[in-house]
Amino acid sequence: MKALLQRVSAARVEVEGEVVGAIDQGLLVLVGVEPQDTEASADKLLHKLVNYRVFADAEGKMNLSLGAVGGGLLLVSQFTLAADTRSGLRPSFSTAASPARGEELFDYLVEQARLKHPQVATGRFGANMQVHLVNDGPVTFLLES
């Protein structure tokens with residue numbers, strides 16, 4: 001699984017003008033599922049997301065995790081993260097999981113996240129989403145599990 005993690009002061013996802021998920025301070029995470037991914041991959045990724053130290057401590061160093069700051073977690077499916085962009089001028093999506101498998105693993109990730117973290121919001125799988133965010137820093141990391 002690939003995840004583009006962004007530390008945000010606020011983020012929301014809209015579908016057809018309706019807000020379907022929103023957080024204040026926390027992490028916006030765009031998630032791409034690849035064919036070889038499993039529930040174990042999702043578990044490993046979730047552990048990293050909840051415990052990754054990207055928030056500033058009293059000295060301004062990135063030493064605090066999402067749980068330590070009590071931030072929100074906004075998970076958004078984004079199959080384009082799994083694209084093969086190594087050649088040509090058009091991405092290939094043959095390296096992405098099928099939509100059914102992608103949705104299954106994304107839903108599993110969300111379910112597990114809700115068991116481990118009190119503030120979890122999502123976009124809508126497969127929908128045309130508008131993602132609004134205020135990237136705090138900017139701080140952005142690409143994680144792979």
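The legends below describe close-up views of a predicted model.

**View 1. Helix H1 packs against helix H3 at an angle of about 40°.**
Two packed helices are described by the angle between their axes and the distance between the axes. Here helix H1 comprises residues 39–51 and helix H3 comprises residues 99–116, and their axes lie 10 Å apart. The crossing of H1 past H3 is right-handed. On the H1 side, the contact involves Glu-39, Ala-42, Asp-43, Leu-45 and Leu-46. Their partners in H3 are Leu-105, Tyr-108, Leu-109, Gln-112, Ala-113 and Lys-116. By class, this contact of H1 with H3 contains seven nonpolar, one polar and three charged residues.

**View 2. Strands E1 and E2 form a hairpin.**
Strand E1 spans residues 2–15 and strand E2 spans residues 18–23. The two strands pair in the antiparallel sense, and five bridges join E1 to E2. Within this pairing, Val-13 stands opposite Gly-21 of E2. Two residues separate the strands, and Glu-16 in the turn has a positive phi of about 50°.

**View 3. Glu-14 is a buried residue of strand E1.**
The relative accessibility of Glu-14 is 17%, and Glu-14 therefore counts as buried, the limit being under 20%. Neighbours within four places in sequence left aside, Glu-14 is in contact with Val-19, Asn-128, Met-129, Gln-130 and His-132. Leu-45 is 31 residues from Glu-14 in sequence, and the C-alpha atoms of the two residues are 25 Å apart in space. Leu-45 is also one of the H1 residues that meet H3.

**View 4. Ser-65 occupies the loop between strand E5 and helix H2.**
Strand E5 covers residues 62–64, and helix H2 covers residues 66–69. Ser-65 has a relative accessible area of 14% and is therefore buried. Apart from neighbours within four places in sequence, the residues in contact with Ser-65 are Val-50, Asn-51, Tyr-52, Arg-53 and Phe-55.

**View 5. Pro-99 is an exposed residue of helix H3.**
With a relative accessible area of 62%, Pro-99 counts as exposed, because the limit for this class is over 50%. Pro-99 and Gly-126 are 27 residues apart along the chain, and their C-alpha atoms are separated by 8.1 Å.

Conventions
Residues numbered from 1 in each chain as written. Predicted model: local features only at pLDDT ≥ 70, side-chain atom pairs only at ≥ 80, totals over all residues. Heavy atoms only, no water. Helix = DSSP H or I, 4+ residues; strand = E, 2+ residues; numbered from the N terminus. Buried < 20%, exposed > 50% of the residue type's maximum accessible area, 1.4 Å probe, protein only. Contact = heavy atoms within 4.5 Å. Axes fitted to C-alpha atoms, helices over the stretch in contact; angles between N-to-C directions. Left-handed = near helix turned anticlockwise from the far one by under 90°. Nonpolar A, V, L, I, M, F, W, Y, C, P; charged D, E, K, R; others polar. Pairing = 2+ DSSP bridges.
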